[in-house]
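Here are a few exercises to work through with the model open. Try each one yourself before reading the solution.

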Amino acid sequence: MSKINESDAEWAAKRLGDLGASLEIPPPGGDDHLGNYTTEVIESHRRRRVLVGVAAMAVVVLGVGAFLAGRTSSTPVKVASNPGAQATTTPSTPTASELAQQAQDNAWKPQLPLASRKAVYEAQLAWAQCLRSNGFADVTDPDPNFGDGNTPAMHVGIQSFSNSADTDAQTYARAEAACTVEHQTMLDAVKAATSK
Amino acid sequence: MTTTEAQAQPTMSEVEHAFQSQRDSMMRTAMLLVGSAEEAEDLVQEAFARALPKWDTIRDPRSYLNASVAHGARNIYRSRARDASRPVAPAEVATDSNRDLHDSLLRLPYRQRAAVVLRYYVGLDDSTIARALGCTRSTVRSSVRRGLQQLREEVEP
(Lines give C-alpha, C1' and ligand atoms only; values in the text may rest on other atoms or scores of the structure.)
Protein backbone atom coordinates (compact mmCIF):
# COMPACT_ATOMS: atom_id res chain seq x y z
CA MET A 1 0.00 0.00 0.00
CA SER A 2 1.33 3.38 -0.89
CA LYS A 3 2.35 5.91 1.69
CA ILE A 4 -0.06 8.75 2.34
CA ASN A 5 1.03 11.65 0.21
CA GLU A 6 0.80 15.23 1.22
CA SER A 7 -2.14 15.96 -1.00
CA ASP A 8 -4.11 13.13 0.59
CA ALA A 9 -3.31 14.50 4.02
CA GLU A 10 -4.27 18.02 3.00
CA TRP A 11 -7.45 16.76 1.37
CA ALA A 12 -8.42 14.83 4.46
CA ALA A 13 -7.67 17.70 6.82
CA LYS A 14 -9.65 20.16 4.69
CA ARG A 15 -12.62 17.92 3.98
CA LEU A 16 -12.92 16.67 7.53
CA GLY A 17 -12.54 20.19 8.83
CA ASP A 18 -15.36 21.34 6.57
CA LEU A 19 -17.47 18.34 7.53
CA GLY A 20 -16.93 18.92 11.22
CA ALA A 21 -17.81 22.58 10.86
CA SER A 22 -20.99 21.72 8.96
CA LEU A 23 -22.31 19.46 11.67
CA GLU A 24 -25.15 20.97 13.58
CA ILE A 25 -24.24 20.81 17.21
CA PRO A 26 -27.14 20.81 19.63
CA PRO A 27 -26.83 23.89 21.80
CA PRO A 28 -25.39 23.26 25.22
CA GLY A 29 -28.41 22.28 27.15
CA GLY A 30 -30.80 22.70 24.24
CA ASP A 31 -32.96 20.97 26.75
CA ASP A 32 -30.45 22.01 29.39
CA HIS A 33 -29.36 18.41 29.59
CA LEU A 34 -25.65 18.77 28.98
CA GLY A 35 -25.14 21.71 31.28
CA ASN A 36 -27.07 20.05 34.01
CA TYR A 37 -25.17 16.83 33.55
CA THR A 38 -21.81 18.53 33.83
CA THR A 39 -22.93 20.50 36.82
CA GLU A 40 -24.17 17.27 38.31
CA VAL A 41 -20.85 15.55 37.67
CA ILE A 42 -18.94 18.41 39.22
CA GLU A 43 -21.30 18.57 42.17
CA SER A 44 -21.11 14.82 42.59
CA HIS A 45 -17.35 15.00 42.61
CA ARG A 46 -17.41 17.82 45.12
CA ARG A 47 -19.85 15.93 47.34
CA ARG A 48 -17.65 12.85 47.18
CA ARG A 49 -14.64 14.91 48.25
CA VAL A 50 -16.62 16.37 51.12
CA LEU A 51 -17.81 12.92 52.17
CA VAL A 52 -14.29 11.53 52.01
CA GLY A 53 -13.09 14.45 54.09
CA VAL A 54 -15.82 14.00 56.65
CA ALA A 55 -15.18 10.25 56.82
CA ALA A 56 -11.45 10.81 57.26
CA MET A 57 -12.13 13.35 59.99
CA ALA A 58 -14.52 10.94 61.71
CA VAL A 59 -11.89 8.21 61.62
CA VAL A 60 -9.35 10.56 63.17
CA VAL A 61 -11.78 11.70 65.85
CA LEU A 62 -12.81 8.13 66.67
CA GLY A 63 -9.19 7.03 66.72
CA VAL A 64 -8.22 9.81 69.09
CA GLY A 65 -11.29 9.08 71.21
CA ALA A 66 -10.47 5.40 71.38
CA PHE A 67 -6.87 6.19 72.26
CA LEU A 68 -7.89 8.54 75.04
CA ALA A 69 -10.50 6.08 76.30
CA GLY A 70 -7.87 3.37 76.33
CA ARG A 71 -5.61 5.55 78.39
CA THR A 72 -8.23 6.50 80.94
CA SER A 73 -9.89 3.12 81.47
CA SER A 74 -8.36 0.23 83.30
CA THR A 75 -7.89 -3.22 81.87
CA PRO A 76 -11.16 -5.19 81.65
CA VAL A 77 -11.44 -7.65 84.49
CA LYS A 78 -13.17 -10.91 84.95
CA VAL A 79 -16.59 -10.67 86.53
CA ALA A 80 -16.23 -12.15 89.96
CA SER A 81 -19.74 -11.98 91.34
CA ASN A 82 -21.27 -14.77 89.26
CA PRO A 83 -19.90 -18.26 89.77
CA GLY A 84 -20.45 -19.24 86.16
CA ALA A 85 -19.40 -16.02 84.52
CA GLN A 86 -16.32 -15.84 82.35
CA ALA A 87 -17.22 -12.68 80.51
CA THR A 88 -15.11 -9.59 80.73
CA THR A 89 -16.37 -6.10 81.29
CA THR A 90 -15.04 -2.67 81.92
CA PRO A 91 -15.61 -2.00 85.61
CA SER A 92 -17.59 0.93 86.80
CA THR A 93 -16.48 2.79 89.87
CA PRO A 94 -17.19 0.43 92.80
CA THR A 95 -19.41 1.58 95.60
CA ALA A 96 -18.28 1.55 99.22
CA SER A 97 -20.19 -1.65 99.95
CA GLU A 98 -18.70 -3.33 96.88
CA LEU A 99 -15.22 -2.35 98.01
CA ALA A 100 -15.97 -3.75 101.44
CA GLN A 101 -17.23 -7.00 99.90
CA GLN A 102 -14.11 -7.25 97.74
CA ALA A 103 -11.93 -6.74 100.77
CA GLN A 104 -13.82 -9.45 102.61
CA ASP A 105 -13.61 -11.82 99.65
CA ASN A 106 -9.91 -11.38 99.31
CA ALA A 107 -8.86 -10.95 102.89
CA TRP A 108 -8.98 -14.63 103.81
CA LYS A 109 -6.46 -15.92 101.30
CA PRO A 110 -3.16 -14.57 102.47
CA GLN A 111 -3.87 -15.79 105.99
CA LEU A 112 -5.46 -19.04 104.91
CA PRO A 113 -3.64 -22.03 106.38
CA LEU A 114 -2.36 -24.57 103.93
CA ALA A 115 -4.72 -27.22 105.33
CA SER A 116 -7.73 -25.02 104.72
CA ARG A 117 -6.60 -24.19 101.24
CA LYS A 118 -6.16 -27.89 100.56
CA ALA A 119 -9.66 -28.63 101.87
CA VAL A 120 -11.20 -25.94 99.71
CA TYR A 121 -9.28 -27.12 96.70
CA GLU A 122 -10.32 -30.74 97.14
CA ALA A 123 -13.96 -29.76 97.68
CA GLN A 124 -13.93 -27.62 94.57
CA LEU A 125 -12.24 -30.33 92.57
CA ALA A 126 -14.90 -32.84 93.64
CA TRP A 127 -17.59 -30.34 92.63
CA ALA A 128 -16.01 -29.87 89.22
CA GLN A 129 -15.69 -33.61 88.66
CA CYS A 130 -19.29 -34.16 89.65
CA LEU A 131 -20.43 -31.45 87.28
CA ARG A 132 -18.52 -33.02 84.41
CA SER A 133 -19.97 -36.43 85.13
CA ASN A 134 -23.45 -34.88 85.03
CA GLY A 135 -23.02 -33.40 81.61
CA PHE A 136 -21.63 -29.98 82.46
CA ALA A 137 -18.79 -30.37 80.04
CA ASP A 138 -17.33 -26.88 80.09
CA VAL A 139 -16.15 -26.71 83.68
CA THR A 140 -12.85 -25.30 84.80
CA ASP A 141 -10.73 -26.94 87.45
CA PRO A 142 -9.99 -25.06 90.64
CA ASP A 143 -6.70 -23.32 91.13
CA PRO A 144 -4.72 -25.28 93.73
CA ASN A 145 -2.67 -22.23 94.62
CA PHE A 146 -5.58 -19.87 95.31
CA GLY A 147 -3.22 -17.07 94.67
CA ASP A 148 -4.84 -15.13 91.91
CA GLY A 149 -7.17 -12.96 93.95
CA ASN A 150 -10.39 -14.69 93.02
CA THR A 151 -13.00 -15.89 95.43
CA PRO A 152 -13.12 -19.66 95.92
CA ALA A 153 -16.38 -20.11 94.04
CA MET A 154 -14.88 -18.61 90.92
CA HIS A 155 -12.48 -21.45 90.56
CA VAL A 156 -15.25 -23.64 89.37
CA GLY A 157 -16.99 -21.89 86.56
CA ILE A 158 -19.44 -22.92 83.94
CA GLN A 159 -17.95 -21.09 81.08
CA SER A 160 -20.42 -21.79 78.37
CA PHE A 161 -23.28 -20.02 80.14
CA SER A 162 -21.69 -16.72 80.82
CA ASN A 163 -23.64 -14.60 78.37
CA SER A 164 -26.68 -14.02 80.47
CA ALA A 165 -27.00 -13.64 84.19
CA ASP A 166 -30.39 -15.39 84.10
CA THR A 167 -29.02 -18.32 82.16
CA ASP A 168 -26.06 -18.54 84.51
CA ALA A 169 -28.33 -18.55 87.51
CA GLN A 170 -30.51 -21.25 86.01
CA THR A 171 -27.51 -23.32 85.01
CA TYR A 172 -25.94 -22.90 88.37
CA ALA A 173 -29.18 -24.03 89.99
CA ARG A 174 -29.26 -27.15 87.83
CA ALA A 175 -25.62 -27.83 88.65
CA GLU A 176 -26.35 -27.37 92.30
CA ALA A 177 -29.26 -29.82 92.08
CA ALA A 178 -27.17 -32.37 90.20
CA CYS A 179 -24.27 -32.27 92.64
CA THR A 180 -25.94 -31.26 95.85
CA VAL A 181 -23.51 -32.96 98.18
CA GLU A 182 -20.38 -31.75 96.43
CA HIS A 183 -21.78 -28.27 96.23
CA GLN A 184 -22.59 -28.12 99.90
CA THR A 185 -19.21 -29.61 100.81
CA MET A 186 -17.50 -26.96 98.77
CA LEU A 187 -19.50 -24.17 100.37
CA ASP A 188 -18.76 -25.55 103.81
CA ALA A 189 -15.06 -25.73 103.02
CA VAL A 190 -15.01 -22.18 101.75
CA LYS A 191 -16.97 -21.00 104.76
CA ALA A 192 -14.69 -22.80 107.14
CA ALA A 193 -11.62 -21.36 105.47
CA THR A 194 -12.88 -17.80 105.35
CA SER A 195 -14.22 -17.78 108.89
CA LYS A 196 -10.86 -18.53 110.41
CA MET B 1 -4.94 24.17 52.26
CA THR B 2 -1.34 23.61 51.28
CA THR B 3 0.04 24.11 47.81
CA THR B 4 0.32 20.35 47.35
CA GLU B 5 -3.29 19.81 48.33
CA ALA B 6 -4.40 22.54 46.02
CA GLN B 7 -2.56 20.88 43.15
CA ALA B 8 -4.01 17.51 43.98
CA GLN B 9 -7.60 18.66 43.65
CA PRO B 10 -9.14 19.70 40.34
CA THR B 11 -10.30 23.25 40.28
CA MET B 12 -13.92 23.25 39.26
CA SER B 13 -13.60 26.49 37.36
CA GLU B 14 -10.80 24.94 35.27
CA VAL B 15 -12.95 21.96 34.39
CA GLU B 16 -15.92 24.14 33.64
CA HIS B 17 -13.75 26.35 31.48
CA ALA B 18 -12.42 23.31 29.60
CA PHE B 19 -15.94 22.08 29.12
CA GLN B 20 -17.13 25.39 27.79
CA SER B 21 -14.18 25.83 25.46
CA GLN B 22 -13.86 22.27 24.16
CA ARG B 23 -17.37 20.98 24.27
CA ASP B 24 -18.26 21.90 20.69
CA SER B 25 -15.08 20.51 19.12
CA MET B 26 -15.44 17.33 21.12
CA MET B 27 -19.06 17.06 20.06
CA ARG B 28 -17.99 17.34 16.43
CA THR B 29 -15.33 14.67 16.91
CA ALA B 30 -17.83 12.40 18.58
CA MET B 31 -20.42 12.99 15.85
CA LEU B 32 -17.86 12.14 13.19
CA LEU B 33 -17.14 8.93 15.03
CA VAL B 34 -20.65 7.74 15.85
CA GLY B 35 -22.85 9.76 13.49
CA SER B 36 -25.39 10.64 16.14
CA ALA B 37 -25.69 13.86 18.11
CA GLU B 38 -27.40 12.10 20.96
CA GLU B 39 -24.69 9.51 21.39
CA ALA B 40 -22.05 12.17 20.87
CA GLU B 41 -23.46 14.07 23.83
CA ASP B 42 -23.21 11.00 25.97
CA LEU B 43 -19.62 10.41 24.88
CA VAL B 44 -18.56 13.95 25.69
CA GLN B 45 -20.24 13.85 29.06
CA GLU B 46 -18.67 10.55 29.92
CA ALA B 47 -15.26 11.75 28.81
CA PHE B 48 -15.49 14.68 31.21
CA ALA B 49 -16.85 12.49 33.96
CA ARG B 50 -13.87 10.15 33.60
CA ALA B 51 -11.39 13.00 33.42
CA LEU B 52 -12.73 14.95 36.36
CA PRO B 53 -11.30 12.91 39.25
CA LYS B 54 -7.81 13.00 37.77
CA TRP B 55 -7.98 16.34 36.05
CA ASP B 56 -4.80 17.72 37.58
CA THR B 57 -2.77 14.73 36.46
CA ILE B 58 -3.80 15.04 32.82
CA ARG B 59 -1.03 16.78 30.93
CA ASP B 60 -2.93 17.40 27.70
CA PRO B 61 -6.67 17.60 28.42
CA ARG B 62 -7.62 18.04 24.78
CA SER B 63 -5.83 14.88 23.65
CA TYR B 64 -7.06 12.98 26.68
CA LEU B 65 -10.66 13.99 26.19
CA ASN B 66 -10.68 13.23 22.48
CA ALA B 67 -8.99 9.89 23.03
CA SER B 68 -11.56 9.17 25.71
CA VAL B 69 -14.35 9.99 23.28
CA ALA B 70 -12.82 7.65 20.70
CA HIS B 71 -12.55 4.91 23.27
CA GLY B 72 -16.18 5.36 24.25
CA ALA B 73 -17.22 5.42 20.60
CA ARG B 74 -15.61 2.03 20.13
CA ASN B 75 -17.78 0.70 22.92
CA ILE B 76 -20.85 2.17 21.25
CA TYR B 77 -20.03 0.36 18.04
CA ARG B 78 -19.57 -2.87 19.90
CA SER B 79 -22.98 -2.49 21.52
CA ARG B 80 -24.50 -1.59 18.17
CA ALA B 81 -23.04 -4.78 16.74
CA ARG B 82 -24.73 -6.73 19.51
CA ASP B 83 -28.05 -4.96 19.05
CA ALA B 84 -28.47 -4.09 15.39
CA SER B 85 -32.13 -3.19 15.87
CA ARG B 86 -31.31 -0.21 18.04
CA PRO B 87 -32.25 3.00 16.17
CA VAL B 88 -29.55 5.61 15.65
CA ALA B 89 -30.56 9.20 15.02
CA PRO B 90 -28.23 10.56 12.30
CA ALA B 91 -26.43 13.83 12.78
CA GLU B 92 -27.59 16.86 10.83
CA VAL B 93 -25.12 17.88 8.12
CA ALA B 94 -25.40 21.25 6.46
CA THR B 95 -24.43 20.54 2.82
CA ASP B 96 -24.90 17.64 0.41
CA SER B 97 -21.20 17.20 -0.31
CA ASN B 98 -20.44 17.02 3.35
CA ARG B 99 -23.34 14.65 3.86
CA ASP B 100 -21.83 12.30 1.28
CA LEU B 101 -18.49 12.46 3.01
CA HIS B 102 -20.12 11.85 6.36
CA ASP B 103 -21.98 8.84 5.01
CA SER B 104 -18.77 7.45 3.53
CA LEU B 105 -16.96 8.05 6.76
CA LEU B 106 -19.61 6.16 8.69
CA ARG B 107 -19.31 3.23 6.31
CA LEU B 108 -15.64 2.78 7.16
CA PRO B 109 -14.73 0.10 9.68
CA TYR B 110 -14.59 1.77 13.07
CA ARG B 111 -10.83 1.61 13.53
CA GLN B 112 -10.18 3.19 10.14
CA ARG B 113 -12.76 5.88 10.73
CA ALA B 114 -11.45 6.69 14.18
CA ALA B 115 -7.86 6.73 12.96
CA VAL B 116 -8.72 9.13 10.13
CA VAL B 117 -10.79 11.42 12.34
CA LEU B 118 -8.31 11.53 15.19
CA ARG B 119 -5.43 12.13 12.82
CA TYR B 120 -6.88 14.66 10.39
CA TYR B 121 -9.71 16.28 12.30
CA VAL B 122 -8.36 16.31 15.84
CA GLY B 123 -4.67 16.24 14.90
CA LEU B 124 -3.49 13.60 17.38
CA ASP B 125 -0.22 11.75 16.90
CA ASP B 126 0.12 8.02 16.22
CA SER B 127 0.94 7.10 19.81
CA THR B 128 -2.09 8.85 21.28
CA ILE B 129 -4.38 7.37 18.65
CA ALA B 130 -2.91 3.92 19.28
CA ARG B 131 -3.63 4.22 23.00
CA ALA B 132 -7.17 5.42 22.33
CA LEU B 133 -7.91 2.61 19.91
CA GLY B 134 -6.02 -0.10 21.77
CA CYS B 135 -3.71 -0.99 18.92
CA THR B 136 -0.15 -0.42 17.73
CA ARG B 137 1.16 2.65 15.94
CA SER B 138 1.72 0.66 12.78
CA THR B 139 -1.91 -0.42 12.88
CA VAL B 140 -2.89 3.22 13.23
CA ARG B 141 -0.82 4.14 10.19
CA SER B 142 -2.27 1.36 8.05
CA SER B 143 -5.79 2.18 9.23
CA VAL B 144 -5.31 5.81 8.27
CA ARG B 145 -4.01 4.84 4.82
CA ARG B 146 -6.84 2.40 4.08
CA GLY B 147 -9.53 4.66 5.45
CA LEU B 148 -8.29 7.64 3.53
CA GLN B 149 -8.02 5.66 0.33
CA GLN B 150 -11.58 4.40 0.60
CA LEU B 151 -12.93 7.81 1.43
CA ARG B 152 -11.35 9.39 -1.62
CA GLU B 153 -12.57 6.61 -3.84
CA GLU B 154 -16.13 7.03 -2.65
CA VAL B 155 -16.28 10.80 -2.50
CA GLU B 156 -14.15 11.56 -5.56
CA PRO B 157 -14.53 8.57 -7.84
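A nonpolar core is a set of buried Ala, Val, Leu, Ile, Met, Phe, Trp, Tyr and Cys residues joined through C-beta atoms within 7 Å. Keep in mind that this is a predicted model.

**Exercise 1.** Find the residues with the most contacts inside the largest nonpolar core, and the elements that build this core.

*Solution.* Start with the core itself: it has 51 residues, and Ala30(B) and Val69(B) have the most contacts inside it. Next, look at who contributes two or more residues: α1 of chain A, plus α2 (12-34), α3 (37-51), α4 (61-82), α5, α6 (110-122), α7 and α8 of chain B. The top contributor is α2(B), with 10 residues. Now zoom in on Ala30(B): setting aside neighbours within four places in sequence, Ala30(B) touches Ala40(B), Leu43(B), Val44(B), Val69(B) and Ala73(B). Finally, another core of 15 residues lies apart from this one, including Trp127(A) and Ala189(A).

**Exercise 2.** Work out how α1(A) is oriented relative to α5(B).

*Solution.* The axes of α1 (residues 6-22) of chain A and α5 (residues 96-107) of chain B come within 10 Å and cross at roughly 105°. Angles of 65 to 115 degrees count as roughly perpendicular, so α1(A) is roughly perpendicular to α5(B). Arg15(A), Asp18(A), Leu19(A) and Ser22(A) meet Asn98(B), Leu101(B) and His102(B) here.

**Exercise 3.** Is Thr136(B) buried or exposed?

*Solution.* Locate Thr136(B) in the loop between α7 (126-133) and α8 (137-155) of chain B. Thr136(B) has 12 C-beta neighbours inside 10 Å, so it counts as exposed.

Key
Residues numbered from 1 in each chain as written. Chains lettered and ligands numbered in written order. Predicted model: local features only at pLDDT ≥ 70, side-chain atom pairs only at ≥ 80, totals over all residues. Axes fitted to C-alpha atoms, helices over the stretch in contact; angles between N-to-C directions. Helix = DSSP H or I, 4+ residues; strand = E, 2+ residues; numbered from the N terminus. Parallel < 35°, antiparallel > 145°, perpendicular 65-115°, else oblique. Contact = placed C-beta atoms within 7 Å. Buried ≥ 20, exposed ≤ 12 C-beta atoms within 10 Å, placed from the backbone.
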